[in-house]
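Trainee: I'm new to reading protein models. Could you walk me through some features, one at a time?

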Amino acid sequence: MTEKRPHLIIKNGTVVNDDFMIKADVLVMHGKIVAVDVNGNLSEKSIENDEPYRIIDATDKYVIPGGIDPHTHMQLPFMGQVAADDFFSGTCAAVAGGTTMIIDFVIPEKDENIIKAYEKWREWADAKVVCDYGLSMAITNWNEDVEFSMGEVVKSEYGINSFKFFLAYKNVFMVTDDQFYRGMKRCSELGALARVHAENGSVIHEKQRELIKQGVLGPEGHTQSRPEELEAEATHRACTLAEQAFCPLYVVHVMSKGAAKVIARHRQRGSVVFGEPIAAALGVDGSHYYDPDFNHAAGFVLSPPLSRDPTTPAALMDLLACGQLHVTATDNCTFNCQQKRMGFNDFTKIPNGVNGVEDRMSVVWEMGVHSGKITPMRFVAITSSTAARIFNCYPQKGRIAVDSDADIVIWNPTASRTISADTHHHAHDFNIFEGMLVHGVPEITISRGRVVWENNKLDVSPGEGNFVKLSPNCDYVYRSINVRKANYHPMVVDRKECEPRKQKSELSVVSPPYDETPEAPEI
């Protein structure tokens, strides 16, 4: 049985939500926030029945909602390997970095029933997680069974409210455009969010063959086979199809300026589309693929690849600052150097994936708040509260407020640390942010009222985290979509079969309303 933890009184800190900052004390009991007091009146007298309590002094610190990483792949079987971070080491790394909830992905094989896959992922995760987690479901095939099972897993007993579609990894995860469109139509029927990995998988497949034939075998071939233009093209295609399907769209791991600009353009036209840059894209660039050390170059291989444009990280942060991009994630999917060497003579066999779940919060603070681009409130929005809103668990998650879960981080904005594989809590031996000095450190991480990270030490047990069921029909995502669907009526022209044919000059022609077609994206 899990040891009973004391109640918490967090004193003298500055509470930061996405919409305000205020000096206040916070009382935590039974895993919930039960009081936020601006008058400094919280004390041991606030604790009922003389139960054990602890006072945490947060002077000169920020008291923020725990981070939510909406895109991880723990323990993922992929490319003949299994990701080094399982649900234990992965969530340990998460809480060490100030993240108290992850949303991982069930990814069925092409012929696997998605409910069976869901049950497998729950079995893997439930016994190991040290913080809360939710699940999203990947759709890797399309048939009647998949269509039916999507309707089953959105039910409350399963708790899935988003589905991911891959437009890459041909012959593995990739779906065709018609399957993608049908899948989004089904999402719209169910009130679920569609998520997309936007690349042109068919063209990438051909470019890979061309490069190998030309003798390009190392990690530099990975980025050359996946030029940024293909990410932008696929993002535009995905946004266009989602609009036709009356389906909100969430673009995962936005890696390039071209893809980000496409999202901005579609949003300006009123499309409901969200963009998710990851910590890797905000902290490093694609120059590493040309390093002469194979282990180093291969350690950065993920898809879409890092941009070779060194100005991209700053540009993506600018778009997060102004609201054209919306949340930060990691796509955390780690493989150690030995696993990466499976592709030593063939870059197409290098397992795709990098770390990030431990370092995301500090990297975003460094590139955003410390640089002066965003406020602490915007930091909370893009690392926690907006994800909670999109995935329909707000204000249970993502807010310091009465009745919210006590997922809290005591954040020291003046402390700094140097990121290194020697000190991180991942189960692999490489860190893409190696040697980066970051300002802003999670001093204490609290998960549902339990102090799980303090003094650079973990205090966790496998299975302490809970599965968070995510409900469909989220107003934050679907409100305007539902209005559009209700107002949409296909135009039918009533023609009399036997009516004598008239000359064109005699006809009164009524044209349907003009719907401006979006311009092709600037790549």
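This is a predicted model: local features need pLDDT of at least 70, side-chain atom pairs count only at pLDDT 80 or more; totals for chains, interfaces and linings use all residues.

Trainee: How many salt bridges does the structure hold?

Mentor: There are 32 salt bridges. For a salt bridge, we look for a side-chain nitrogen of Lys or Arg within 4 Å of a carboxyl oxygen of Asp or Glu. Take D132 and R448: their closest N and O atoms are 2.5 Å apart.

Trainee: Where do D132 and R448 lie?

Mentor: D132 is in strand β10 (residues 132–139), while R448 is in the loop between β16 (437–447) and β17 (450–454), so this pair ties together parts that are 316 residues apart in sequence. With a relative accessible area of 0%, D132 is buried. R448 is partly exposed, at 23% relative accessibility.

Trainee: And what about R237 and D177, how do their side chains meet?

Mentor: In a salt bridge, 2.7 Å from N to O. Here the pair links distant parts of the chain, 60 residues apart: R237 is in helix α7 (residues 228–244) and D177 in helix α4 (residues 177–190). R237 counts as buried at 18% relative accessibility, and D177 is partly exposed at 33%. Some salt bridges share partners too, and they join K32, D132, K397, D405, D407 and R448 into one network.

Trainee: Now rings. What describes a pair of aromatic rings?

Mentor: Two things: the distance of the centres and the angle of the planes. In this structure the count comes to 20 aromatic pairs. One of them is F274 with Y476, which is stacked, with 6.2 Å centre to centre and 15° between the planes. It counts as stacked because planes under 30 degrees apart are given that name.

Trainee: Which parts does the pair of F274 and Y476 tie together?

Mentor: F274 lies in strand β14 (residues 273–275) and Y476 in helix α15 (residues 475–487), so the parts tied together are 202 residues apart in sequence. F274 is buried, with a relative accessible area of 5%, but Y476 is partly exposed, at 42%.

Trainee: Which residues do ring pairs link into a cluster?

Mentor: F87, Y118, Y133, Y158 and F467. A ring can have a charge over it as well: the charged end of R122 sits over the ring of F467, 3.9 Å from the ring's centre. R195 lies over the face of Y250, 4.5 Å from the ring centre.

Trainee: What about the surface? Which residues make a nonpolar patch there?

Mentor: F20, I22 and V38 make one of about 230 Å². V38 lies in the loop between β3 (32–37) and β4 (53–57). With a relative accessible area of 49%, V38 is partly exposed.

Trainee: Last one: what does UniProt list for residues 62–452?

Mentor: The record, an unreviewed entry, gives "domain: Amidohydrolase-related" for them. In the model, that span is 37% helix and 18% strand, and its end C-alpha atoms lie 18 Å apart.

Definitions and conventions
Residues are numbered from 1 along each chain as its sequence is written. Side-chain values use heavy atoms; hydrogens and water are left out. Patches are made of residues with over 30% relative accessible area and no salt bridge: like charges are joined within 9 Å, nonpolar side chains (Val, Leu, Ile, Met, Phe, Trp, Tyr) within 5 Å. Accessible areas come from the Shrake-Rupley method with a 1.4 Å probe; for residues, only the protein chains shown count as cover. Helices (H or I, at least four residues) and strands (E, at least two) are DSSP runs, numbered from the N terminus. Buried means under 20% relative accessible area, exposed over 50%, partly exposed in between (1.4 Å probe, protein chains only). Rings of Phe, Tyr and Trp (its six-membered ring) pair if their centres lie within 6.5 Å; planes under 30 degrees apart count as stacked, over 60 as edge-to-face and the rest as tilted. A charge sits over a ring if NZ of Lys or CZ of Arg is within 6 Å of the ring centre and within 35 degrees of the ring normal. UniProt positions are given in the numbering used here, feature names are shortened, and annotations may be inferred rather than shown by experiment.
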